[in-house]
Amino acid sequence: LSFKPFVYNPIFNGTSLSWNTGIKLIRTSFVGTVDEPEWDYQLPEWDNDSFSNHTLNLNFSAQEGDFYQRLTLSTNLPPMVDTYTGTLSLGFPYFSTSVSSGIKQKSEEDESWVFNPIVHTASLNLFSNKLTLSHNFRYDLEEDTPSSYSLTLSGFNLKLAYSMLYTNNYEYDPSSGWKTQAEKEFQPVYLSLSYNNSGKFTYLDDKISFIPSISTELYYNMQRPTSSYFTFTPSITFKINELLDISFSASSRNQVIYRYIQEYTGFEPQIPGETNLFKDLINSFAFGNDKLRESSGFKLKSLNITLTHDLHDWELASDFEIQPRILTEDGKSRYDFSPKFTLSVLWKPMESIKTTIQDEYGTFLLNP
């Protein structure tokens, strides 16, 4: 239920008082055995098991054009555990920011109070929202330390992301690899750069369309640099008059990109293999030289073919996937290229009515 006293005022019409609740009308619990199955049906009661939420929210809002300010106060009502939260949001042309925090009771049994983290967000939007710079910062009041920070710059199909966490340190041991340290500190975790783009070409009055797309990400792990990676996923989709969709996609991954820069960082021991990025990429296509191709860091991870057939009220979908995996038999390891195949039939008016047959490496499963 929501009450808006200033609904006809152009500035304060967002101000409201609302009450929200969710109640489980019937709950079941298994009380029998395998041989004698039996269920106990329970009606709503005044407890946390019956109520999924029960809140009262007060929102003070004022907005004129691109300028706005909002103060939202929220509290849990019985029988929920006591919680009080507040959020202040401010908006300006091209820029918005908010800060929130609160206090809550630990549990029904423990009536002591703890503070929620302070969360601050900000967003800068330029060029009609085509370029966005945003950040999210959380400060743990109980631990009196920052807990997380993320900075994201996205636009023109590119996304640059930087993250920090209050977490354990890592130290490299040449004999056993990366080892978790006992001490924690607020430190950089990763830096990533991703690119996603797709296009659409239509023919015969849009009855046939051709949709190529590409998705790629360069991920640099700032705690364990040797866990950095690069992924590349191209795909092509053919659409025939909203009747049939056929998609082809492949996924490639390079998990040893750190070896291309290790000589500049002084990391020891050196990761073996080609340290020239472009030579290593060319080696991945050396089909006449197995040694060069297998030593390349660029590995094909999967090939997929997906078919979707529109049958009006029904939809037929199938997926064929080849994903190399390593099998060990009699102490010897080998690559296995056995495919996975899935066929499903879905009734659109009620999506819960669905039948799926899955062939997982030669084992057929019905509705897995």
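Which residues do ring pairs link into a cluster? In this predicted model, the members are Tyr 172, Trp 178, Tyr 258 and Phe 267.

Start with the overall build. The chain carries three helices and 25 strands. Its radius of gyration is 28 Å, well over the 21 Å that the globule rule gives for 368 residues, so the chain is more spread out than a compact globule.

Now for burial and surface. Of the 368 residues, 24% count as buried. The chain exposes about 24,500 Å², and carbon and sulfur atoms supply 58% of that area. As for how the sequence meets itself, take the contacts between residues at least 6 apart: 36% of these join residues at least 24 apart.

Back to the aromatics. The count comes to 17 aromatic pairs. Take Phe 92 and Phe 95: their ring centres are 6.4 Å apart and their planes sit at 25 degrees, under the 30 degree cut-off, so this pair is stacked.

The charged end of Arg 70 sits over the ring of Tyr 68, 4.1 Å from the ring centre. Over at Tyr 229, Arg 253 lies over the face of the ring, at 4.0 Å from its centre.

How values were computed. Residues numbered from 1 in each chain as written. Predicted model: local features only at pLDDT ≥ 70, side-chain atom pairs only at ≥ 80, totals over all residues. Heavy atoms only, no water. Phe/Tyr/Trp six-rings, centres within 6.5 Å; stacked < 30°, edge-to-face > 60°. Lys NZ or Arg CZ within 6 Å of the ring centre and 35° of its normal. Helix = DSSP H or I, 4+ residues; strand = E, 2+ residues; numbered from the N terminus. Rg over C-alpha atoms; globule rule 2.2 N^0.38 Å. Buried < 20%, exposed > 50% of the residue type's maximum accessible area, 1.4 Å probe, protein only. Contact = heavy atoms within 4.5 Å. Areas by Shrake-Rupley, 256 points an atom, 1.4 Å probe, with all protein chains shown as cover.
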